[in-house]
Amino acid sequence: MSHTPTGLKLVRAGIGVVVAFIVSVGGYLVWAAVANPDVRLKKPRWVEGAFDHSYWLPVLAVTLGGAALVGVVLWTAYRRLKAGEDLYEGRMGQGLRRRGERHVDDR
């Protein structure tokens with residue numbers, strides 16, 4: 001029986017979800033871009049002159065780039081937890097009063 005801490009399991013599951021998201025959504029967007037290469041971005045009112053850009057490159061960059069950044073954050077947390085670091089060590093009660101949070105008393 002494994003004695004893996006719950007936090008480590010949750011972060012590992014989060015990494016799996018991000019990988020599944022990148023594979024599935026990335027595959028769908030690539031398929032959609034190949035099937036519909038003529039989809040173009042709408043020209044904003046403030047742009048003067050010619051404007052002809054593909055819709056798919058920005059969508060792919062933002063979607064997959066954002067998911068990759070989330071994956072990097074989760075992978076960093078996973079490595080730190082795997083090394084035995086307590087990510088919340090010494091943080092309990094510090095900085096909790098910063099915007100008038102009344103649920104914290106001064107005890």
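The following exercises, with worked solutions, concern a predicted model.

**Exercise 1.** Determine what span helix H1 (residues 6–35) should have, and compare it with the separation of its end C-alpha atoms.

*Solution.* Helix H1 comprises 30 residues. The expected span is 1.5 Å times one less than the number of residues. At 1.5 Å a residue, H1 should therefore span 44 Å. The end C-alpha atoms of H1 are 43 Å apart, which agrees.

**Exercise 2.** Carry out the corresponding check for H2.

*Solution.* H2 has 27 residues and should span 39 Å at 1.5 Å a residue. Its end C-alpha atoms lie 38 Å apart, so the two values agree. After H2 comes Gly-84, which has a positive phi, near 95 degrees.

**Exercise 3.** Identify buried residues of H1 and of H2, and state what they pack against.

*Solution.* A residue is buried if its relative accessible area is under 20%. In H2, they include Trp-56, Val-59, Leu-60 and Tyr-78. Helix H2 (56–82) is included in what covers the buried residues of H1; conversely, the buried residues of H2 pack against H1.

**Exercise 4.** Describe the aromatic pair formed by Tyr-28 and Trp-31, and state how these residues are placed in helix H1.

*Solution.* The structure holds three aromatic pairs. One of them joins Tyr-28 and Trp-31, with 5.8 Å centre to centre and 40 degrees between the planes; the pair is tilted. The two residues are three apart in helix H1, and are therefore separated by about one helical turn. An α-helix has 3.6 residues a turn, so residues three or four places apart point the same way. Trp-31 is exposed, because its relative accessible area is 54%, and the cut-off for exposed is over 50%.

How values were computed. Residues numbered from 1 in each chain as written. Predicted model: local features only at pLDDT ≥ 70, side-chain atom pairs only at ≥ 80, totals over all residues. Heavy atoms only, no water. Helix = DSSP H or I, 4+ residues; strand = E, 2+ residues; numbered from the N terminus. Buried < 20%, exposed > 50% of the residue type's maximum accessible area, 1.4 Å probe, protein only. Contact = heavy atoms within 4.5 Å. Phe/Tyr/Trp six-rings, centres within 6.5 Å; stacked < 30°, edge-to-face > 60°.
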